[in-house]
Amino acid sequence: MYVAVKGGERAIENAHAWLAEARRGDPAVPELSVDQIREQLTLAVNRVMAEGSLFDPDLAALAIKQARGDLIEAIFLIRAYRTTLPRFGASLPVDTTRMEIARRVSATFKDLPGGQVLGPTFDYTHRLLDFALAAEGEAPPAAPQAEAQPDAVPHVMGLLDKDGLIEPAPMGTGDPADLTRAPLELPADRALRLQALTRGDEGFLLSLAYSTQRGYGRTHAFVGELRIGRVAVEFDLAELGFAVEIGAIEVTECETVNQFKGSASEPAQFTRGYGLVFGQSERKALAVSLVDRSLRWKDLGEDFVGAPAQDEEFVLAHADNVQATGFLEHIKLPHYVDFQAELELIRRLRSEAMQGRAAE
Amino acid sequence: MTKDVYNFAYLDEDTKRMIRRAILKAVAIPGYQVPFASREMPMPYGWGTGGVQVTAACLVPEDRLKVIDQGADDTTNAVSIRRFFQRTSGVATTERTTEATVIQTRHRIPEEPLSEEQILVFQVPIPEPLRFLEPRETETRRMHELEDYGLMHVKLYEDIARHGTIATSYAYPVKVEGRYVMDPSPIPKFDNPKLSGNPALLLFGAGREQRIYAVPPYSDVVSLDFEDHPFVASKTDHACAICGATGSYLDEVITDDLGGRVFVCSDTDYCRGRTEQEIGAVEAAE
C-alpha cells in the first residue's frame with residue numbers, strides 16, 4: 001500500500017549537498033574569491049548593502065557568493081545576520097556637504113560652486129559589448145587624476161533656498177524611528193518612509209518612480225543634484241560629551257526640485273524630493289527621491305489622484321523584497337490540508353448541485 | 001551557525017523580552033492583533049518566521065518541542081524548523097503530541113487533546129481576517145476598534161446566496177470571547193471547534209505582517225455563522241487507510257494515474273499512535 005510521503009529529513013540533506021555543488025559550478029574553473037566580488041562586482045555589493053541595511057562590503061560580497069549571485073537572496077542573508085547585531089544608538093546625521101566627492105552632477109544648473117564631476121559613470125558609455133574583457137587582460141591604465149578639492153561643496157538646494165525659491169526643508173522630529181526595531185505603524189512620518197524606501201526593492205521603486213513620470217501622480221522632477229562619495233560617520237559618546245568620527249561610508253544622495261505650488265496668499269515655490277542610499281546606487285537614489293516627493297502630496301496640499309506612488313500604505317507594504325519574495329515563494333510549501341478542505345467543499349457543492357439538477 | 005555565536009534559541013534576550021511583552025498583551029486582549037517588531041529570521045517570510053519568533057520567545061531549556069506542518073512531523077519545513085531549534089537552543093524534541101510542552105504548527109491543530117501544560121504556536125500568513133474584504137490596514141484596525149464586522153457578515157451571506165453555503169473551508173473566521181473577529185490561521189475549518197475551551201495556550205505569530213495574537217486557555221471561540229446556516233466542521237467522508245480513524249482530518253493521496261486514491265491521517269503522530277495501540281491490542285489478544 002502507498003504510504004504518505006516520508007523522508008523529508010534526507011531529502012533536505014541531499015538538496016543542500018546538491019545546492020553546494022551547483023553553487024561551486026565546474027571545479028575545473030577557479031573559484032571566485034570574496035575579494036574579487038567586492039572589488040569587481042561593486043555595484044551588486046552596493047545594492048546588497050543598501051537593501052540589506054548593513055554597510056559591510058566584505059559581508060555583502062560573501063552573501064553574493066553564497067547566494068550564487070541571486071541578489072535578493074544575498075540581501076536576505078545580510079538581513080538575517082544584521083538582525084542579530086546589537087544596536088548601540090543613532091549616529092549624528094551625516095553631513096553630505098563635507099562629502100569626499102567622487103561624482104556630483106546637477107541637471108538644473110550648467111555650472112555651480114563645486115562644479116560638475118562626472119566620476120565613474122556608465123552615462124556616456126556606448127553599450128557595446130567589450131570583447132576584450134572576455135580575455136583575461138591587464139589592469140586598465142590609470143585614469144588621469146585632478147587635485148583633490150578639500151573645500152566643502154554646497155548643495156544646490158541651499159542655493160535655491162537662499163532665494164526662497166524652494167520650500168524650506170521640513171525639520172525632522174527628534175530621533176527617527178528604527179524600522180528594524182519597531183513595527184511599521186501607519187501613517188508613517190517622512191523620516192520613517194525614507195528609511196523604508198532606502199531598504200526597499202530597487203526594481204519596485206524604479207517602476208513606481210517611472211509611473212509618476214508617465215502621469216500616475218505627476219511630480220515633474222528635476223535632478224537638482226546627485227552626489228556620490230564618502231562621508232564621515234560621527235557618534236555622540238555620552239562618556240566623552242562630544243561626537244567622534246567612527247568611520248566613513250560611501251553614499252549616494254539625490255535631491256530633486258519638483259513642480260511648485262502656490263496660492264493667493266503664498267507665492268509659488270519649488271518642492272523637494274530626497275533619496276539617500278548606501279554605496280554608488282544612482283538609480284535607486286533617484287527612484288527614492290521621486291517616490292518620496294510623490295508620497296508627500298498630503299503635506300503639500302495636493303489632490304490624491306489614486307496613483308499607486310501616492311499611496312503610502314501600498315508603497316510601504318510592498319517595497320520590501322525580502323518580505324515580498326518570502327510570501328510569494330511560500331506557496332511552494334505544502335498546502336495539502338487547505339487544498340483538501342477546498343477539494344472536499346467543491347465536491348460537496350458539485351454533488352449538491354447535481355442532485356438539485358436531477359431532482360428538477 | 002553554532003550555539004557559541006548565537007544566543008539560546010537564536011534571538012537575543014532584548015528581542016525575546018519585546019516579543020514576550022507582545023504575547024502578554026495578546027493574552028490580555030484575546031483575539032486582538034498586537035503589533036510587534038518582527039525580526040528577520042534565517043528562514044524566509046512565509047516559512048513561519050512569526051511562529052519561530054514566538055516559539056523562540058517561549059522556549060526554556062527544559063522544554064520539549066514538537067514541530068508539525070500539515071499535521072506531520074516529517075514534512076520538510078517541519079524538519080527544518082525543528083532542526084533550527086535543535087541547533088540554536090539544544091532543547092529536546094519529540095514527535096509525540098502528549099509529550100511536547102511547546103508545539104509549533106502550520107495549518108493544523110493536533111487530533112490529540114492538549115493540556116494546560118502545553119503551548120501551541122501557529123504560523124500565520126495573513127493575520128487580518130478582514131484583509132480580503134478591505135486591503136487597508138488603517139481601515140481594518142478602525143473596523144476592529146469599532147467592532148464593525150458588518151462587512152464580514154455580508155461576505156458570508158453573499159456566499160450563501162451564491163453557493164447555498166458558506167464557501168470558506170479553511171482560515172474560517174472566528175469571534176473570540178465575544179469581541180474580536182480573528183483569523184485562526186489557515187487551519188481547515190474541521191479544526192475550528194478545537195480552538196474553543198482549549199486548556200492549552202494558543203499563540204499566533206505573523207512575522208512579515210508583524211502581528212502576534214492569542215487565544216488564552218479555556219477561551220470561548222465561536223466560528224461565525226447564521227442561525228439558519230450553522231457552522232459545520234466538515235472533512236472528507238472516508239476513514240484513514242492506515243489506522244482506520246473516521247474522526248481525524250485526512251490527506252488525500254493519489255496512488256496512480258487511473259483515479260486511484262487513498263485517504264490517510266494528516267496528523268502522523270495520531271495515526272502512528274492508533275496503529276501501535278492496535279498492534280499492541282492484537283498482540284495482547286494472541
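Residues are numbered from 1 along each chain as its sequence is written, while chains are lettered from A and ligands numbered from 1 in the order in which they are written. Because the model is predicted, local features need pLDDT of at least 70 and side-chain atom pairs count only at pLDDT 80 or more, whereas totals for chains, interfaces and linings use all residues.

**View 1. Chain B as a whole.** Chain B has six helices and 12 strands, where helices (H or I, at least four residues) and strands (E, at least two) are DSSP runs numbered from the N terminus. Its C-alpha atoms fill a box of roughly 65 × 55 × 40 Å along the principal axes. Of the 286 residues, 48% are buried, a residue being buried if 20 or more other C-beta atoms lie within 10 Å of its own, exposed if 12 or fewer, and partly exposed in between, with C-beta atoms placed from the backbone. Among contacts in chain B with a separation of 6 or more, 62% join residues 24 or more positions apart; two residues are in contact if their C-beta atoms, placed from the backbone, lie within 7 Å.

**View 2. The domains of chain A.** Chain A is divided into domain 1 (3–82), domain 2 (96–120 + 149–169 + 182–319) and domain 3 (334–359), with bounds that come from an automatic or database domain assignment. The centres of domain 1 and domain 3 of chain A, taken over C-alpha atoms, are separated by 44 Å.

**View 3. The side of chain A that touches chain B.** The contact takes 40 residues from chain A and 50 residues from chain B. On the side of chain A, the elements that give two or more residues are α1 (8–24), α5 (71–82), α11 (321–329) and α12 (336–359), and the largest share, 11 residues, comes from α12(A). The residues of this side divide into 21 nonpolar, eight polar and 11 charged, where Ala, Val, Leu, Ile, Met, Phe, Trp, Tyr, Cys and Pro count as nonpolar, Asp, Glu, Lys and Arg as charged, and the others, Gly among them, as polar.

**View 4. The nonpolar cores.** The largest nonpolar core holds 112 residues, of which Val48(A), Ala60(A), Val291(A), Ile23(B) and Leu203(B) touch the most other members. Apart from it lies another core, of 11 residues, among them Ala241(B), Phe263(B), Val264(B) and Tyr270(B). Such a core is a set of buried Ala, Val, Leu, Ile, Met, Phe, Trp, Tyr and Cys residues joined through C-beta atoms within 7 Å. Not counting residues up to four places away in sequence, Ile23(B) touches Val54(B), Ala57(B), Leu203(B), Ile212(B) and Ala214(B).

**View 5. The seven-stranded sheet of chain B.** Seven strands form an open sheet of mixed pairing in the order β1-β9-β8-β5-β4-β2-β3, with two strands counted as paired if DSSP finds at least two bridges between them. The edge strands, β1 (34–35) and β3 (92–93) of chain B, each pair on one side only. Strands β8 (residues 201–206) and β9 (residues 211–215) of chain B run antiparallel and are joined by five bridges, and the bridge partner of Phe204(B) in β9(B) is Tyr213(B).

**View 6. Strand β4 of chain B and its partners.** Five of the five residues of β4 (residues 102–106) are buried, so this strand is largely enclosed by the rest of the structure. Val102(B), Gln104(B) and Arg106(B) point one way from β4(B), whereas Ile103(B) and Thr105(B) point the other way. Strand β2 (residues 64–69) of chain B pairs with β4(B) in the parallel sense over five bridges, with Lys66(B) opposite Ile103(B). Four bridges join β4(B) to β5(B), which also run parallel, and there Thr105(B) stands opposite Phe122(B).

**View 7. Ile119(B) in strand β5.** Ile119(B) lies in β5 (residues 119–123) of chain B and is buried, with 22 other C-beta atoms within 10 Å. Leaving aside neighbours within four places in sequence, Ile119(B) is in contact with Cys58(B), Val102(B), Ala200(B), Leu201(B) and Leu203(B).
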